[in-house]
Every structure is written in structure tokens, then in C-alpha cells.
Number of protein chains: 2
Amino acid sequence: MKRIFFLVFAFALVSCSKISKNSEVIVTNFSELKISIENARPGDIITMANGVWKDIQIIFNAEGTEQAPIILKAESPGKVFIEGVSNLKFGGKYLVVDGLHFRNGFSPDKAVVDFRVNDSIIANHCIFTNSVIKAFNKMQRDDADHWIQFWGRHNTLSNCYISGKTNRGPTIRVFLKGNEHIYNEHKILNNHFGPRPPKGGASAETIQIGDSSSSMSPSSTLVAKNLFEECNGEVEIISSKTNFNEFRNNVFYKSEGSLVTRHGNYSVIDSNYFIGDGKNENIGGIRIINTGHKVTNNYFYNLKGKNFRSPLAVMNGIPKSPLNRYGQVTDLVLAYNTYINCESPWQFGVGVNINQKEVLPLSEIRSARPKRCIVANNLVFNEIGNKSIVVEHDKVDGVIFKNNVVNKRGVDFKDYAGIKLLDFQLKQVTEHIYLPSSSIEIEPFIGFEFENITKDLFGNSRTSTNGIGAVVNQNANAPDILDKSNYGPSWYSDEAKLRESKTINVTTNENLQNKIDEAKNGDILVLEGGLFSIKTSLSISKTIYIKSKEGEKAILNYSGEKNTPMFQLNPNGVLSLDGVVLKGSGSQYAFSSLKENMYSHFELKVFNCEISDFYYALKVYKQSFAERISFENTSILNCENGLELSEETNDKGDYNTEYLTVKNCYFNNVEQNVIDYYRGGYDESTVGGNLVLTNSEFTNCGVKEKNGILINTRGIINVNISDNIFKNNPVKLVALLWGAKNNFHRNNEISNSGDIVVEQNLKLKVIY
Amino acid sequence: MKRIFFLVFAFALVSCSKISKNSEVIVTNFSELKISIENARPGDIITMANGVWKDIQIIFNAEGTEQAPIILKAESPGKVFIEGVSNLKFGGKYLVVDGLHFRNGFSPDKAVVDFRVNDSIIANHCIFTNSVIKAFNKMQRDDADHWIQFWGRHNTLSNCYISGKTNRGPTIRVFLKGNEHIYNEHKILNNHFGPRPPKGGASAETIQIGDSSSSMSPSSTLVAKNLFEECNGEVEIISSKTNFNEFRNNVFYKSEGSLVTRHGNYSVIDSNYFIGDGKNENIGGIRIINTGHKVTNNYFYNLKGKNFRSPLAVMNGIPKSPLNRYGQVTDLVLAYNTYINCESPWQFGVGVNINQKEVLPLSEIRSARPKRCIVANNLVFNEIGNKSIVVEHDKVDGVIFKNNVVNKRGVDFKDYAGIKLLDFQLKQVTEHIYLPSSSIEIEPFIGFEFENITKDLFGNSRTSTNGIGAVVNQNANAPDILDKSNYGPSWYSDEAKLRESKTINVTTNENLQNKIDEAKNGDILVLEGGLFSIKTSLSISKTIYIKSKEGEKAILNYSGEKNTPMFQLNPNGVLSLDGVVLKGSGSQYAFSSLKENMYSHFELKVFNCEISDFYYALKVYKQSFAERISFENTSILNCENGLELSEETNDKGDYNTEYLTVKNCYFNNVEQNVIDYYRGGYDESTVGGNLVLTNSEFTNCGVKEKNGILINTRGIINVNISDNIFKNNPVKLVALLWGAKNNFHRNNEISNSGDIVVEQNLKLKVIY
């Protein structure tokens with residue numbers, strides 16, 4: 001105690017000499033930092049010395065002023081690393097944190113950066129800027145947090161790079177629980193949201209603003225000028241759940257999800273870019289629920305999403321919906337948007353489920369169609385003609401179409417008053433951006449308050465010249481929307497340096513683990529032919545390719561302990577295995593993830609291998625997640641269990657891999673869990689996982705299968721079982737598929753193995 | 001056609017001469033009025049000539065400007081009467097209607113005054129002022145309308161007198177269906193809302209702003225400086241169902257209902273007066289549902305309402321409530337209010353019904369308690385000490401009490417941190433208004449944004465001196481809140497001129513109907529003893545008292561047609577009958593209402609009479625309503641049917657009388673429907689009707705009663721059956737009572753008549 005008092009006093013003396021000026025101190029350790037914060041006055045600048053700061057929990061509780069904020073900054077931006085069990089909390093007002101890099105660690109709390117200290121010490125007018133948070137994940141997927149929590153009012157997140165969140169919880173969460181947090185006018189500006197991999201279940205938005213229980217509250221959060229790149233966490237990139245939020249000038253680039261007005265009303269979605277790759281159906285656009293949203297001046301390119309992931313999905317609501325379900329869409333304004341190569345961009349009545357009246361309670365039936373909606377002055381161009389610009393999931397009787405233009409392509413489509421076919425071409429003005437090559441000679445329709453839409457996508461005036469689509473002047477200069485210098489910190493680039501992968505040869509008398517450790521990310525281990533004796537698990541925590549030497553065959557014989565894996569997949573372990581024989585002694589696993597602390601994703605690709613005599617060919621533990629697991633041209637023989645990914649039994653909607661692919665494989669004498677891929681808990685809006693099982697053969701499998709089903713896919717949304725042979729498997733069913741979802745089977749040869757049954761509606765626990 | 005064109009032309013010529021000036025025309029008929037409107041330009045004044053305008057449907061569609069509105073006014077305010085099938089619709093902008101009197105008629109449409117012509121012609125910045133709408137009722141109670149419908153934005157209703165609506169539908173209704181109608185900022189100012197009698201069922205609010213389906217919309221309607229006098233239509237005087245509405249400086253005087261934030265959020269209820277009479281438990285205060293309401297500076301006096309009708313009722317919500325049910329109360333601010341003689345003013349968890357979990361679906365259970373509420377700086381004074389200032393219908397764990405003051409009265413009450421007992425007295429400063437006689441020496445608590453509460457109830461500043469309760473300075477001058485010259489039109493007074501009632505003697509050889517017609521409202525007919533032979537129904541359409549001469553007995557013998565009443569109660573018929581014998585021939589009714597077009601209420605009081613040999617003693621038809629029906633010291637003998645008020649079988653929550661009273665009566669040989677009083681349809685918030693059945697005797701009744709119940713009260717909320725004798729009535733039950741409601745029985749002597757059974761939860765059709 002005494003010592004601290006002394007320090008404070010000493011510091012006070014030191015700073016006394018500068019009393020007329022603002023203080024600028026460099027702090028080199030956590031104690032100094034704390035004392036500086038305690039003594040901070042308006043205008044002070046506290047500089048954290050360059051280096052690694054480990055296990056620090058910064059409470060930046062101070063009172064700056066609008067004219068003289070208190071600034072906490074890195075000595076050199078990007079050279080101050082926050083690692084270990086660390087976080088930052090703002091409390092008070094007019095505070096700025098600038099230039100930090102959070103990495104190699106995780107928050108001890110519910111947030112990495114929190115705009116409050118506790119219930120009563122809240123931040124207002126505070127800024128977190130020019131910083132990085134990367135892969136700052138909790139140790140386990142179910143251990144939820146948010147990386148940035150907004151509370152209070154007028155706080156800002158700007159020019160940050162944020163990527164790699166794998167655990168449960170939206171990356172950014174805005175809270176409105178209490179009068180102190182409404183009318184918040186927070187700003188999320190100029191950030192680069194880098195890749196967030198699929199989480200394998202819900203609660204992995206990049207931004208969530210409010211929640212259903214605060215969905216009646218006025219919010220006015222502004223999300224503007226950000227780049228969202230491969231934000232693939234879940235079906236919603238941004239989940240707007242309160243009123244009056246604004247989304248302007250953002251770029252959504254190859255992000256598997258949508259901007260969704262999930263709860264709340266009267267949001268503005270203006271001048272954003274939604275860029276797809278022309279193939280990936282998971283890349284969505286805007287999904288609309290509730291009242292009074294304005295979608296104007298947006299540009300949609302090369303989007304192939306359907307239904308929930310349509311370029312524009314306007315949902316059906318539930319009549320008198322419960323607070324946490326689907327409000328009817330009313331009073332939507334969709335005007336001046338441009339859709340290039342998006343096929344059927346407008347889907348109305350998405351989520352209609354009247355045909356499930358028999359199996360669902362009435363309070364779950366989305367039968368309330370969009371009402372009082374106006375769709376006007378939009379431009380649609382499709383290279384390939386399309387019969388249905390508008391997809392009617394339910395009757396579209398509450399939508400008025402006015403002065404929309406679609407290019408002629410010799411294909412007739414359903415006639416809508418207000419959608420005009422016109423012969424026009426495109427020209428490319430910059431990467432991803434196309435405009436009509438000549439002007440569209442149609443006057444825009446001027447609906448209620450359309451005079452307030454004064455600018456176009458590029459910010460040019462609509463008041464002097466106006467036109468159909470997102471851009472008024474087809475000769476305008478387009479911005480380079482993917483110029484990354486416009487987003488994130490000035491000092492940080494996510495461009496990976498290219499490094500040629502090295503090949504390392506391994507002989508049978510060398511220690512394979514040593515060689516793996518020696519290899520760098522992306523390297524290739526080439527095994528000579530012959531017997532490798534493996535006595536303990538091989539630990540994989542980088543990207544590595546292991547294969548047999550051309551024309552030879554490496555045989556890996558595992559004599560490790562019971563219930564241990566030959567290959568243990570650690571966080572960030574990405575293993576490709578090619579042309580290798582794996583052999584156990586009946587009690588071990590060929591592959592498994594870590595049982596605990598699987599704080600980041602793994603991946604596994606197996607080609608041309610033979611796997612035999614294991615207790616499990618693959619065991620994926622709870623809270624582990626791989627974006628892809630594939631087995632091709634591989635035999636799995638004489639194993640008690642096959643591929644098991646079924647531990648998410650708490651039914652929160654989670655699963656263990658996004659894509660499980662089994663092609664040209666041969667399974668013989670696998671006694672149970674031959675393929676067991678499970679997702680527990682139902683929420684109609686999520687869309688994983690994906691099983692592709694083709695051209696494979698199963699014989700004498702499933703003898704011990706307790707549920708009598710050979711291929712278990714319960715809860716998995718996309719299942720394709722095609723062109724396989726099932727012969728002499730003593731089970732009741734080959735598979736039980738979910739007809740209401742994207743499950744299907746084709747051209748399978750089944751003998752003496754039960755059958756494939758499709759049930760339209762499977763009973764599942766709802767997760768909301 | 002030609003003629004109209006000519007008129008237009010002629011008018012154009014006339015007005016040409018004044019082209020540089022604004023035109024001022026007096027119109028004397030509807031054609032002229034229409035033409036004047038068609039030609040109206042900014043600044044024009046159209047004057048309607050004094051007199052009665054019958055069956056006119058005015059469409060005031062024109063375009064004024066802010067500086068130069070177009071005015072439609074009465075030649076002399078109050079001397080222009082709109083009668084018959086008439087109404088007024090505004091369309092366009094900056095229009096004023098001034099000085100009209102709507103009476104003796106009804107609207108052909110959904111509104112008397114409508115701020116739109118149709119879906120696309122809407123009023124903005126229009127004013128209806130200095131006018132009267134009185135008893136302008138549709139012919140039938142179920143034929144719904146609103147007297148004033150608000151659409152568009154910035155419309156005003158000011159200085160009007162509005163009273164006597166009896167048919168279904170809120171008197172004023174604000175609509176928000178569509179973007180054109182949100183952020184409306186309508187103003188309802190300085191009006192006098194005179195008596196609206198109980199409707200006998202739902203949908204009789206004085207003001208309803210929005211509805212559940214638009215409850216997410218921003219509204220900002222202002223209701224200020226109005227007097228609400230005996231607005232007794234239903235349980236809600238004002239039903240606020242959208243966001244951001246404001247209620248300021250209104251006086252609620254002896255009005256049976258509450259100001260209710262039924263749907264929507266963030267309303268402001270500031271500086272209003274709620275004045276009761278110290279007895280009537282139907283006079284309520286403020287009932288709170290949903291989020292973020294601010295209740296400040298209000299004054300509550302002599303209110304005895306409980307539960308839903310408490311001075312402050314804070315309801316429990318339904319978790320994740322459906323849109324049309326009860327949202328949880330959160331973030332309520334209740335500060336600086338004064339409660340004088342309101343006993344237990346604060347009731348929390350009102351409407352909790354967890355104990356009905358067995359009989360109601362989960363989506364009906366109000367178990368979500370108020371959360372994040374603050375109750376601070378309020379002043380409570382009770383003449384008689386009270387143990388429970390706070391009534392906890394459910395646990396009050398989400399409410400923080402701070403610096404509230406209650407007068408000491410020697411009675412202990414439950415200890416709340418934040419409620420302080422203090423010894424202080426009151427002094428009267430004007431009628432109904434009392435302030436502490438000495439200043440309360442407690443500093444107010446300053447909660448979040450309390451600094452924005454800058455004024456007190458009287459408009460005095462809180463920034464210089466602040467204090468507990470609605471008034472900062474106990475020596476301040478109080479306004480005369482009941483000075484009616486501050487409300488309504490300048491030219492109109494609702495003060496009834498006192499007139500002494502006249503007594504008219506009637507002999508047996510005079511025609512009674514003639515005498516009734518000759519009598520004025522409130523007169524007394526005294527019948528001499530002996531036989532009056534009545535051949536056709538006596539029609540009652542005024543207030544009249546008919547009695548036998550002192551010491552004599554008039555016998556009224558009815559020989560009218562089958563199924564006709566001896567006394568036919570017409571709209572506004574208020575009949576008191578005293579000491580008379582009524583005799584039929586078995587096929588007629590003693591009393592009935594009109595079968596159709598019962599456009600206003602009736603009343604019936606029977607004392608000391610004998611009624612025999614009728615098919616019905618009383619038959620009240622569907623859509624008829626009496627505030628009171630009573631039988632005292634009266635015998636009903638040898639009738640096929642007794643008192644029947646049971647035709648509201650479409651189950652919309654309606655019923656036929658508010659109070660049915662039977663005291664000291666004798667029923668003998670009434671074969672069925674002895675008393676049949678029915679309310680169909682259940683909505684937890686409504687509170688009628690009321691049956692008091694005491695000190696009466698029933699013998700040999702109910703022999704033909706199909707349902708086997710003697711006294712039928714299904715759906716009636718308040719039932720008191722006490723101190724009666726039931727003897728030898730061949731029924732299964734004397735009565736089947738509703739335990740969950742205010743039904744009770746006591747001290748009845750029952751022999752050979754079945755029993756009285758109480759069921760806790762009756763099954764009823766819900767009406768929402």
C-alpha cells in the first residue's frame with residue numbers, strides 16, 4: 001500500500017512541473033500504465049513503450065474533454081503487442097486508444113475491448129482506432145466472447161483490422177440494455193474485417209447491434225466505409241437488431257452471409273457493394289425482416305445465393321410475431337440499386353413455411369407477406385437471360401414495382417407492371433464494377449420521400465441529373481473498392497508474403513515428429529517407401545503435406561497408447577495426407593482433434609490412403625471445427641468406428657465441420673459410426689453442414705450400430721448421397737434424410753443393407 | 001354538367017377581381033362550398049353561412065402554404081351546424097377548419113373528421129379547431145367509427161369539445177400504416193373531452209395512437225393541455241400504441257380508465273393531473289407496459305383504483321411477447337410525482353398470472369417482471385396511514401427506489417431502501433391541489449438524464465431550486481385546472497342549465513303516451529290509483545320519472561301485441577318507475593330496448609313495483625346498452641322469462657349493462673332466463689359488468705331453464721350474490737361463478753335449488 005501511495009505521489013510531483021501543459025508520458029510496464037491512467041487529465045497522452053505486453057487488463061477509466069481527449073497510444077503504431085490473458089476496458093469520456101496489436105492470447109472476460117468497466121462505469125465519446133485484433137480466441141469454441149463490446153453512447157471503432165475469430169460470439173456486439181445505451185450513435189468506420197471462418201453453428205456474426213430483447217430501442221449505430229472480406233462466420237455478417245441503424249458505403253467481398261435486419265426497424269442500407277465470385281451460393285446480400293427499411297444505391301455483383309442468401313431476400317413474417325421471431329416486412333423502400341449477374345435478385349416471401357402447419361406451432365408459421373413495399377428505379381443486368389427476376393416464395397401482392405429496368409436477353413419472364421425490359425450493354429469501369437454502356441432513357445419514379453435520396457452510389461448528386469440504378473452517370477469514375485489502404489490501420493497489411501514451400505524427404509529411420517516440427521507452414525514431407533514405426537501421436541499444428549515418395553508406399557504403423565491418435569490435429573493444423581498406409585492395433589485413432597482447448601480450426605484431407613485396424617478412423621471432439629474434411633480414393637478397413645463428428649449434443653446448432661466429403665472410398669468391416677455427422681438444434685436461418693458422399697462402397701459395415709442407420713446425418717442441412725454401393729451391411733437403414741432441407745440421394749446401388757428413407761420434417765430441438 | 005361548369009366559371013370571374021388579394025367568400029350551400037374548395041388558393045378564406053348544413057360530405061382537398069393557409073370557417077363560430085349523414089375529410093396541406101358544430105347525425109364513413117381523403121390524398125399540416133362534435137353516433141353500437149382520424153403528418157386537433165360517443169371505436173385514432181404517417185408529430189391540444197359513457201365492452205378509448213401492428217413505428221404525437229372529463233368508455237382513456245408519444249399538462253378528471261402505454265415505447269408522461277373522487281375504484285391513473293417510458297411531474301389525487309386501475313400500474317410482461325400482447329416493462333423512469341390520498345399508488349407486476357399456467361398457453365403467461373426501473377423523488381401523502389405504499393403483485397426485484405418520501409401516519413409499512421417516512425402536513429392551494437405545508441428537506445436523487453427534467457408540474461424551474469414531488473416550491477401558485485374556459489371552443493359551454501323538474505298528474509282516463517310526450521326531460525308523472533289500460537308500447541326517449549300517487553296504486557294493464565314491450569326504451573330514454581303494478585297477458589314484454597338503431601344509451605330503475613304475466617320482464621336487445629338497470633323492492637311473477645341481457649353472443653367482449661342491481665326483490669314462477677346477464681369473449685384488461693343480487697327471494701323459478709342454471713352471469717367480471725333465499729327452484733345450479741374474477745357469494749339460504757359453484761378459470765373465447 002505504502003509503495004503505491006509513494007508512486008502516485010512521486011508521479012504527481014513529476015507531472016506537477018508540467019501542470020500548465022498536457023502531460024506526455026511513456027510507460028514501460030503495467031504499474032506505470034495504471035498510475036498514468038489514474039492521474040490522467042484532459043489532453044494527456046500516455047504512450048506505451050514498444051514491445052510485448054503480456055497478461056494486462058487495462059482499465060482506461062478517465063475523463064477527457066471534447067477539445068482535449070486523453071490518448072493512450074503505442075510508441076510506434078503496431079509495435080505494441082498485447083498478448084496472453086489481456087483486454088482493454090474504457091470508462092469515462094473522450095478517451096482514445098491508438099495503435100495496439102492484440103495477438104497470441106485471449107480475453108479473461110466477455111470482451112477484448114469493452115466500452116464499459118462495469119454496470120455503472122460506462123464509456124461515452126471514446127475511440128478505439130488504428131489497431132489490430134487477430135485470432136485472439138478463447139481456448140474453446142463454446143467459451144463465448146465478443147472482441148469489441150459497445151456500451152454507452154458515441155463510441156467509435158475506426159481503422160482497425162480484425163480477423164480470425166473462431167469461438168462463439170459475434171465479433172462486435174452493440175448493447176442497448178438500459179437508457180444509458182440507447183440513441184447511441186456509435187460509429188464503426190473504415191475498418192477491415194478480415195476473414196472470419198465458418199464457426200459451424202450460430203452466433204458468429206461479424207457485427208450484431210442489439211438483440212431481440214432490446215429490439216424496440218432506438219440505436220442509430222453507423223457502420224460505414226468498412227471492408228468485410230470473407231466474413232464467413234455464419235449466415236449473418238451483420239445482424240441489425242435495433243432501430244435506426246445505418247449501413248453506408250461498406251464493401252462486402254466474398255463474404256458468406258448477408259446484411260440482415262433481423263430485428264428492429266427503419267434501418268438505412270445505402271451505397272454498399274456486395275461482391276460475389278459468381279459461384280459460391282453462400283455469398284449473400286441483404287435480408288429484410290420488419291418495418292421501414294430503406295435499401296438504396298447499393299451495388300450487387302456476381303451473387304449466386306438463393307433464398308435466405310439471395311441478393312435481396314424479403315422474408316415472410318409471423319402474424320403478431322413473438323419478439324424473438326419474424327416481424328412482418330412492411331414499408332420497405334428498395335430504390336436505385338444495381339444488380340449485375342445476380343440472376344434472380346429479388347426473392348419475396350423467403351422463409352414461408354405454411355406447408356409446415358401440421359408440424360409446427362402456429363406461432364412459428366411465417367405466413368404474413370410483405371406489405372406496402374416499393375421497388376423502384378432499380379437496374380438489373382444478367383449476361384444470361386433469366387425467366388424470374390422476381391422469385392415469389394409466396395404471393396407478391398404487397399409490393400409495388402415502379403420503373404425498374406432489366407436487360408433484354410431474349411428470354412421472356414413473368415410480366416410485372418413496373419419492370420421494363422430494355423436492350424442495353426455493360427462496360428467495366430473498374431474491377432467488379434460495371435455500368436450501362438449507354439444511358440438508360442427512363443425517368444425514375446419519385447415515391448414518398450425519394451427526394452431525400454440526394455446522392456448515388458459514388459456520392460454524385462441525384463438532384464441535378466437522376467437515373468435508374470445505383471449510379472446516375474455511366475461515365476463517372478468508380479472508386480477502387482478493394483484498395484486495402486482505405487481500410488484498417490495505416491501500419492498493417494494482411495497480404496501474406498508468398499513463400500515457396502520446401503520439400504523435406506524423410507527416411508524410415510528418421511523421427512517423423514522431428515521432421516514435422518522442422519517443416520515450415522506449407523512444406524511437404526515426402527516419405528520413402530517402407531515401414532515407419534510411430535510410437536506416440538504425431539502433432540500437427542501448421543499446414544503440412546505428407547505423402548509417399550512417387551512410386552513407393554510408406555506404411556505408418558502406430559503402436560501408441562489406447563485411445564490416442566496417430567495424427568493429432570491441433571489448432572491451425574492443416575494436414576494433407578497422400579498415398580500412405582496407416583495401421584493401428586485396434587485400440588487407437590487414426591486421426592483426432594484435440595480433446596480440449598481447440599482454440600482454432602483444423603483441416604484434414606486424405607487421398608489415396610489405406611486406414612485399418614483403428615478404434616476410430618477419425619474422431620472429432622466437441623468444440624473442434626474443421627472447415628473441410630475430405631477422404632478421397634481411400635479405404636477404411638477393420639475399424640470399430642469410422643468417421644465420427646457427432647459430439648455437439650447440447651443442441652445449440654453447432655457441428656464439427658462445414659464440408660465433409662467422401663469420394664471414391666471403400667469402407668469394409670467398420671462396425672459402427674461408419675459416418676456419423678451431427679448437428680443438434682434447429683434454427684431455420686442457418687445453413688450447414690454439408691456432406692458429399694459419392695462413388696463409394698460400403699460392405700459389411702454397421703454391425704454394431706445401435707440406431708441401425710449406416711450413414712448418420714441428423715440435423716445436417718445439405719446432404720448428397722449419390723452413386724454409391726451399399727452391400728451386405730446389417731443395418732435397418734442406409735440413411736434417414738431430411739426432406740424439407742437440401743438432402744437428397746441418387747443412383748445408389750443398395751443390396752441387403754436396408755434402404756434410404758426421406759422424412760419431410762424431422763423433429764429437432766429449436767435453439768432460440 | 002353544364003350548370004356546374006357555368007358556376008365554376010362564374011366563380012372564377014368573381015374571384016378574378018380579387019386576384020391580387022386573398023379571396024374571402026361566404027358559401028351558403030354545398031355546391032358553392034365544393035366550388036370554393038376546388039378553386040381555393042393559399043390565403044383564401046371560405047366562410048360557411050350560419051345555419052344547419054345537412055347531409056354534407058365535405059372533402060377539403062387543397063394546398064395552402066405555411067404562411068398562407070386556406071381557412072374554412074363558420075360565419076359565426078358555433079352557429080354552423082353539421083347534421084345528418086355528414087363528415088369532413090382533409091387532403092393536401094396547410095388547411096384550417098374552424099368553428100363547426102357536428103350534431104344530430106353520424107358519419108357515412110369510418111370517421112367524422114378524417115385527415116385524408118383516400119390512400120393517396122393525405123393531409124399534412126392541417127388543423128381542425130374551435131369546433132364541437134357531440135353524440136354524433138352511428139345508429140348501432142357495433143357499427144364502428146372514429147370521430148377524428150389522424151393520417152399524414154403535422155395535423156392538429158385543438159380547442160374542440162368532443163363528447164357522448166357510444167358506438168364502437170376510439171373517439172380519436174392516429175394511424176401510422178405507412179411511411180407517410182410516421183414521425184407524425186400530430187398535436188391534440190387544449191380540447192375538452194367531455195363525458196364518454198361506458199360502452200359495455202372494448203374499443204371505446206378516447207384516444208388511441210397506432211395499433212399493435214404499427215407499434216414499432218416512430219410517432220411523436222403530442223397530447224397536451226386537454227381536459228378529459230368522465231371519459232369512461234373503457235379501461236383505457238388513452239391507449240398509446242406507438243413510440244415517442246408525449247402526454248403533457250393534461251387533466252384527467254373523474255375519468256374511469258387510465259392513460260396506458262399499451263404498445264410502443266419511450267413515451268413521456270409529464271405534468272398531468274389525475275383527479276379522482278376518493279370512492280370510485282374505476283378511476284385509474286397510468287398503466288405502464290413496454291420499454292423506456294418516463295413518468296415525471298404528475299399529480300395524482302384521491303384515486304382509489306386498484307390493480308389495472310392503480311394510480312401507477314406497472315405490468316408484468318410476457319417473455320418474448322407476441323406483438324399484440326404484453327411486452328416486458330424495462331427502463332421506466334418514475335420521478336418527481338406527487339400522490340395525495342391514493343393509498344397504494346405503486347403496483348408492480350400487475351397482471352401476473354403465473355398461477356394460470358395450467359389453463360393458459362405459455363404465450364399468455366405474464367411472468368416477466370419489470371426490469372431496470374427507477375422510482376425516485378416522488379412524494380406520497382395519505383391521510384390514513386397505509387401498510388403498503390408499494391403493492392407487489394410479483395417480486396419487485398427490477399426496481400430501484402431512491403429518495404421517495406411518504407408521510408408518517410403511525411402505521412408501519414414494508415421497508416424499502418429509497419422510501420423515507422417523514423412527518424409532514426398538507427395545505428390546500430386550490431381545488432384538488434394540495435402541497436406540503438412546509439418544505440421537504442431531502443435532496444432529490446439525480447439519476448441518468450434527470451438533469452433534463454428542467455421544470456416542475458407548474459412549469460417552474462427545477463434547475464435553480466429542486467425538490468421532492470411534482471412541485472418544487474410549496475408556496476407556488478397553482479392553476480385552476482378545472483377552469484373550462486381553458487379547454488375546448490371559445491363559444492361553447494357544456495354546463496347544463498339547471499331546470500326544475502315539473503310534476504304532471506295523470507288520471508286513468510288520460511293517454512299516458514301523450515303525457516310522456518308532453519313532459520320535458522327530468523319531469524315527473526304522477527299516476528292516480530286505478531287501472532290504466534295501455535294498448536300500444538309506451539315510448540321513452542328522455543329522462544322521466546313515473547310513479548303512483550302517494551298512498552294509491554296505479555295498475556298498468558298492457559294489451560299490446562305479442563312480443564311488444566309495455567315500455568319501449570329508446571336512445572336517451574332514462575326511466576324510473578316507482579310503485580306501479582305492470583300486468584301483461586303472457587305474450588308481451590314489460591320492458592325492452594329498441595331492437596335496432598339503439599344509437600344511444602338508456603337507463604331503467606324500477607322500485608316498489610309488481611310485474612306479472614309477461615313473456616319477458618325485461619328484454620335488452622343486442623347492441624343496446626344501459627349504464628344502470630336496477631330493480632328494488634319489486635316482484636316479478638308468472639313470467640316466462642325474467643331479466644334477459646344476453647344477446648352479445650358474437651363474443652367481442654361486449655355486454656348490455658354496466659351495473660345490474662337486484663335488491664329486495666321477489667321472483668316467483670319465472671320459468672327461464674330468470675336473470676341472464678352475459679358477456680362473451682375474454683380480454684384480461686376489461687372490467688365489467690357488475691351484478692349485485694342481494695336480499696331477494698326466488699321460488700319455483702327456472703323450470704324451463706335449458707342450461708339448468710338459475711342465475712346466469714357467464715363472463716361478467718363483478719358478481720355479488722348475497723343474503724338471498726332460493727327455495728324450490730327445479731334447477732341444477734343456482735349460479736356458476738368465476739373464481740379468478742371478482743365473483744363471490746355469501747350468506748344465501750338455498751333449499752331444493754341446486755347449489756352455487758365457483759370455478760376458478762372459466763373457458764372463454766379470447767377477443768384479441
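In this predicted model, chain B and chain A bury about 2,200 Å² between them, and carbon and sulfur atoms account for 54% of that area. On the side of chain B, the three residues that supply more of the area buried against chain A than any other three are B:Asn179, B:Tyr266 and B:Lys320, which together give 26% of it. Seen as contacts, the interface brings 26 residues of chain B against 26 residues of chain A.

The polar side of this interface can be followed in some detail. Two salt bridges are counted between chain B and chain A, including one that joins B:Arg153 to A:Glu449, where the closest N and O atoms are 2.8 Å apart. Ten residue pairs are in polar contact across the interface of the two chains, with both residues at pLDDT 80 or more, and the side of chain B that touches chain A is made up of eleven nonpolar, eight polar and seven charged residues.

Within chain A, the domain assignment gives domain 1 (24–425 + 480–486), domain 2 (501–618) and domain 3 (646–768). The C-alpha centres of domain 1 and domain 2 of chain A are 40 Å apart, and eight residues of domain 1 are in contact with six residues of domain 2. These two domains of chain A bury about 580 Å² between them, 51% of it on carbon and sulfur atoms, and A:Met139, A:Gln140 and A:Thr166 supply 71% of the area that domain 1 buries against domain 2, more than any other three residues. Between domain 1 and domain 2 of chain A the count of salt bridges is zero, whereas five residue pairs, both residues at pLDDT 80 or more, are in polar contact.

Technical notes
Residues are numbered from 1 along each chain as its sequence is written. Chains are lettered from A and ligands numbered from 1 in the order in which they are written. This is a predicted model: local features need pLDDT of at least 70, side-chain atom pairs count only at pLDDT 80 or more; totals for chains, interfaces and linings use all residues. Side-chain values use heavy atoms; hydrogens and water are left out. Domain bounds come from an automatic or database domain assignment. Contact means heavy atoms within 4.5 Å. Buried area is the accessible area (1.4 Å probe) that two parts lose on being put together, summed over both. A salt bridge is a side-chain nitrogen of Lys or Arg within 4 Å of a carboxyl oxygen of Asp or Glu. A polar contact is a pair of N or O atoms within 3.5 Å; within protein, one must be able to donate a hydrogen and the other to accept it, and residues adjacent in sequence count only if both atoms are side-chain atoms. Ala, Val, Leu, Ile, Met, Phe, Trp, Tyr, Cys and Pro count as nonpolar, Asp, Glu, Lys and Arg as charged, and the others, Gly among them, as polar.
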